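Trainee: I'm new to this one. Could you walk me through it and tell me where the labels come from?

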Amino acid sequence: MLAYILSGLVTGAVFAVMASGLTLSYAATGVFNFAHGAVGFLTALVFFELNVGLGWPGWAAGLLAVLGFAPLLGYGLHRAMFRGLAHAGETAQIVATIGLTIALPALGLLIADLVEEPFGLPPADATALPHGVGPYPAVEVAFGFDSDQVITFCVAILVAAGLWLFMRHTPYGLRMRASVDRRRLATLRGIDADASSALAWTLSSALAGLAGVLAVPVVGLDSGAFTVLLFASATASVFGRLRSIPWTFAAGLGLGVVQNLVAGYADFAAEITGLRTAVPVLLLFAGLVLLNRSRERVAGSAAEDAPPPDYLADLPVWRRRLPWLVSLAALLVWTFTRPADDFYVGVVAQGLVLALIFCSFVVVTGIGGMVNLAQAAFAAMAALTCGWAFASGWPLPVAILVGVLAAAAVGVLVAMPALRLGGRILTLATLALALLADQVLFQVDAFSNGTIGWPLPAISFRVADTTDPRVRVVLLLVLIGLVGLLVRNLERSVSGRAILAVRSAPAAAATVGVSGPRTKIMLFALASAIAGLGGVLYATSKGSITATDLPAFAGFVWLAVVVLQGVRRIGGAVLGGLIAAVFPELLAGWGVSAHVGAILFGTGGMILAKHPDGVLAQLAEARHRRRARRQATASSSPAPSPAPSAAPATDALSPRGRAALGAVPENLAEPGRAEPVLRLEGVVAGYGDVTVLRGVDLAIHPGEVVALLGANGAGKSTTCAVAAGDLPVTAGAILLDGDDVTGRPAHRRARAGVLLAPEGRGVFPGLTVEENLRTWLESPDPVYERLPQLAARRTVLAGALSGGEQQLLTLAPALVRPPRVLIADEPSLGLAPLVVEQIFALFAELRQRGVALLLVEEKATEALAVADRVAFMRLGRITWTGPRSEVDADRLTAAYLGVSS
Amino acid sequence: MRRELVVLAAVVALAGCAAQQKTAPGAQTPGVTDTTVKVGGVLTKTSASGYSTKDAELGARARFERANAAGGVHGRKIEFVGAEDDTQDAAKGDAAAKKLVQKDKVFALVPVHAPNFGGAVFLEQQGVPWFGWATGPQWCGTRTGFGYNGCLAPKPGAGSQTWWGNQMADLLGGASGKTVYVQTSDSSGSKYGGKTISQSFQAAGFTLVGLNSALPGAAPPADWLPYVNKIMTSDGGAPPDIVVSIIAGTKFNVGLYSALKKAGYKGVLSDATSYDAAILKDPATAMALEGVVAAPMFEPFESSAPEIAQLRQDVEKVSPGATLTQHLAIGYWSADIFLKMLEQTGRDLTREKFLATGNGSFLYENAGFGKIQYPKDHAEPNGCGALVKLEGGAYRVAKSMKCFDNVPLK
């Protein structure tokens, strides 16, 4: 028993190292990297070629691979892909990393193939026998552990300790954790979140590489085995709630022990084939359901996946459909001019089978916004059920129906627990289910008929049957057409609108009585049924179905193919299916290595990082742009307005706009005073198509408090965000000490001395009081001297402080290291009067020390007490500025009610 | 909505037309001219797991080259178009078979050596003969799929091999009182293998003390301790006399054997995959596998049989210095049996005639693979095998190819 635990810890050490990297990159960047195992494989491949191929000693090869190659790879991927993905939707993120999972090993193996002959390197296939980093062959050290095992365990412990020190006790670690906790706030504190991400990817990649090098003498150069390793690591990460590295590490070690104990004691599981193999997967699913209920999203929706604009909205219906109808006609004409045993018609038919399965992604992902990795399992489920039913003597049409219904039923079963989870957690849950189906359900001999599988006849329609690929092409086109109609009606129907409502605003939908879970379950069931129908047709056109025909991993690749074309429309699914079937044939015909196809496919992920809505949307957008440009040149209008947000800009610069601003500039330039430290000139800004600021001019001098007052929605907070660089401007300029800083990002403005205390509380709730202070200060001691109540709570998480303490913590660093400009957005909101007094005393002190303060308040009384000057804001413009003494009740009323005085 | 229905209706109408123009039966046999017979193969050349059978292409080519050098078969030379790669993906295998038949117009598929081959139903339906290593059930019970050593996945009730157990009994001087432990991994395929091999040893008189399928199938465990503990106590608290490993992959076997030796195991180790020259290149692996008795299903390359000398010579001619591997032998003998069948069919060659010859009490004996009988071996293995022992870092023939009677599979 003890021996099992000890040796389990060694196995667990590899899981732990890999899982720490996974958690680190997810927590720091929000991208769950499915390619983490592939990075490990690639590093192990480099290690193998250096060590076994070129004869380097194990430690040298290991060092170069783990500390040289892997970090570089991580950084390169960050630059090429992950940076763009951080802002893409969840689907694009998942798909892009799945693409990498396929492309990276293929790239490595292709290069290994190419250099094998000229450099006399050993082949990197199943015959390759990689060594460990220690002496080779491994020598026994103690208690039956050999040198490789001891090295693995020691390195893992060292890495764990090093990682902990790095994250807890270095400024880099602090910045990374701050970026994870509140990315936006971190940039306002002068932390370059992008640089933190780059560091996180570099580090995470090194960890994956280390795990790969440690694991490769045991698992061999098998990229499939590394994917298995990734799934086990994902389990550990999930138990670390995808946030905590120490917990992830512990879970990794624990997983190794559990696997050993199951292998040693769980003999009762021997009856069910695959159950013991599936232990990590079972734990993954349990962990997801129990530990990771989404707090942010409801019913599995990914609300940030906003649909792209309909670029073709201005085209007539016939014009929009024309390309598809012409292609359809061309395809049919071509099909019927070919003989019945034509190879390429068969390929097209196969592509259409895939297209039908892919249509299910349009329903569940395109409309429902849920990323489902279990689609291959649904297709296999239907096909196997259909095969079983047919073999049991049921007529084929009934058997097909039974198969499709079985898939739909399983879809509902999967949806029930999964829907409580949101976003990526849902995706991981479908992944776990897909693997479970592969490893356990389809291994049940009675269901899948062992490795033999079930034979299925062709579908016969009196005059013809589906052994003729031309009949299959027509049948599939009809079915896809019907699914297309179904999808369109779904989108237009009441239930369809309900689904879209749930997707874009789950909370709002719930309040108006739209049932999220019910519509989601319906979508899941429908998508599963479509995938199931596709699976049955796949089986009938192949003539048989076995448990290994539609492996879980195929489902991942399918999703990637569809998303690459565009998952919101049937067209994307059809194009995806045809490409998936035809492209490999073309490559093979040209004598290109199969690796090249995989690499090309993987680079699709990089396209997605730039165009998350796929190729079709990209084409439509390009055409839209071209047309807009043509119209612009055709019309004589001097200023075509591509975006509506640009219109107010011209308005602001027009004579009328200037007149509305009145004498503001003169008021600002008070004679005899120093130059303003911060100055906004004609700033126009907004969110998306909504313009909020319509030409704001404002100046703040050193040692001066400017109170910005105005009604709710006047644009006060937006002004703050623009001043701090948190929101880009569409027109106008922002000057700091006379220098134009309009183009500088928030973290550089913060470093230059512009500190924004945002609305709500400007603290990192996941960091301790001390760590919060350190994000702005070298040493927090002076703060403790000034504010003993914070000193007493230095080790408490900021999230656990009272509102008043949080606000003190937000502003305290400014006392010790005064910024040039402090922008406080609603600092007194929701605080007790006593605390408010304390806060305003603090502002007074800062003013004395020469800080320029911009104070935003909805409630005017407190602000007016400390203000030197006052600016009133209304509807995105400054309507009046003047000294505090000139503010009276009339002016206040006018400012808030909009009555001109 | 109505417009879409019109389009659909038009499409359906066209489908009717499709049915009208069925092609007339071919006037000429595909892939056969007066002077040539075209063949091509499907192999798993690349795969995610690194498993590769690509050497079978070289084996087949070597055998065809000799036939062509001797003037071909009935005046027809073999035009070998090479082998497609199915990447261990059933759908790709199906597509590859269709490509060879429909686009390249081959007469037959030689060699087919892909563990997850997906083109079986298509080939059977089209009546295209295919030759290779019949490790999967898709081969069995067909009239077109010819495994070079029969069907290795017989159904319950059909014959199952006993040669492994019998050869081992001969090697050890009798089976009585000796115990055997069979280790497989946790998948239906591997479990099936475990069943047939346990039966083989039991038929030869060994006592089965354990059949364990706990090993995870996807990747070797990092830690062998739980599995080794079970083995070392399986024979009433003592280790068994023989441990048979039915797990594919050198990594698995190296791990298991090293752990067993570390635990003090002194008995016999046997498996089907350790006969691989690549192992000898790596001294540590060779050391881990030292003493293992591998069970190839063809006459070992170290044999003095003239057929093997011929094989070496043929391969040397096509690819000087090539390493002889299991997959190469499989490709070679598959091609050899195809040529034999082609010769017996005669000058007048169609697929129907060819299949009639193959399935009409075809019998061919050869020291290289034992003997093959069709149609009998469509349903069961040929029952022949050899044993090779790794001793002092080199393979030695322990038992030459010999055939034993099959017993019905339980």
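Mentor: Let's go through it in questions and answers, starting with the kind of model it is.

Mentor: Keep in mind that this is a predicted model.

Trainee: Okay. How do you know that chain B has two domains, and where do they run?

Mentor: The bounds come from an automatic or database domain assignment. That assignment gives domain 1 of chain B as 36-156 + 304-382 and domain 2 as 159-300 + 388-408. The C-alpha centres of the two domains lie 28 Å apart.

Trainee: What makes up the contact between those two domains?

Mentor: Domain 1 of chain B gives 20 residues to the contact, and domain 2 of chain B gives 14. On the domain 1 side, helix H11 (306-318), helix H12 (326-345) and strand S13 (370-374) of chain B each give two or more residues. The largest share of that side, three residues, belongs to H12(B). By class, the domain 1 side has ten nonpolar, seven polar and three charged residues.

Trainee: Which sheet has the strand order S2-S1-S3-S4-S5 in chain B, and how are its strands paired?

Mentor: That's an open sheet of five strands, and the pairing is parallel.

Trainee: Why are S2 and S5 of chain B said to stand at the edges?

Mentor: Strand S2 (77-85) and strand S5 (145-151) of chain B each have a single partner strand, so one side of each is left without a neighbour in the sheet.

Trainee: Where is the B:Tyr374 to B:Pro375 cis bond, then?

Mentor: B:Pro375 sits in the loop between S13 and strand S14 (384-391) of chain B. Omega of the cis bond from B:Tyr374 to B:Pro375 is near 15 degrees.

Trainee: What makes S8 and S15 of chain B edge strands?

Mentor: They belong to an open sheet of seven strands, ordered S8-S7-S9-S10-S11-S14-S15 in chain B, with mixed pairing. S8 and strand S15 (394-403) each have a single partner strand, so one side of each is left without a neighbour in the sheet. Further in, S7 (residues 179-185) and S9 (residues 242-246) of chain B pair in the parallel sense over five bridges. There, B:Val182 stands opposite B:Val244 in S9(B). H7(B) lies across S7, S8 and S9 of chain B, at about 170 degrees to S8(B).

Trainee: Now chain A. Why is H9(A) called roughly parallel to H11(A)?

Mentor: H9 (residues 223-239) and H11 (residues 279-291) of chain A pack at about 25 degrees, with their axes 9 Å apart. Angles under 35 degrees count as roughly parallel, so H9(A) is roughly parallel to H11(A). The crossing of the two is left-handed. Their contact includes A:Phe231 and A:Val238 of H9(A) and A:Leu284 and A:Leu288 of H11(A). By class, it has eleven nonpolar, two polar and no charged residues.

Trainee: Last one: how many residues are in contact between chains A and B?

Mentor: 66 residues of chain B are in contact with 65 residues of chain A. H1(B) supplies the largest share of the chain B side, eleven residues. That side has 31 nonpolar, 22 polar and 13 charged residues.

Note on methods
Residues numbered from 1 in each chain as written. Chains lettered and ligands numbered in written order. Predicted model: local features only at pLDDT ≥ 70, side-chain atom pairs only at ≥ 80, totals over all residues. Contact = placed C-beta atoms within 7 Å. Helix = DSSP H or I, 4+ residues; strand = E, 2+ residues; numbered from the N terminus. Nonpolar A, V, L, I, M, F, W, Y, C, P; charged D, E, K, R; others polar. Pairing = 2+ DSSP bridges. Axes fitted to C-alpha atoms, helices over the stretch in contact; angles between N-to-C directions. Parallel < 35°, antiparallel > 145°, perpendicular 65-115°, else oblique. Left-handed = near helix turned anticlockwise from the far one by under 90°.
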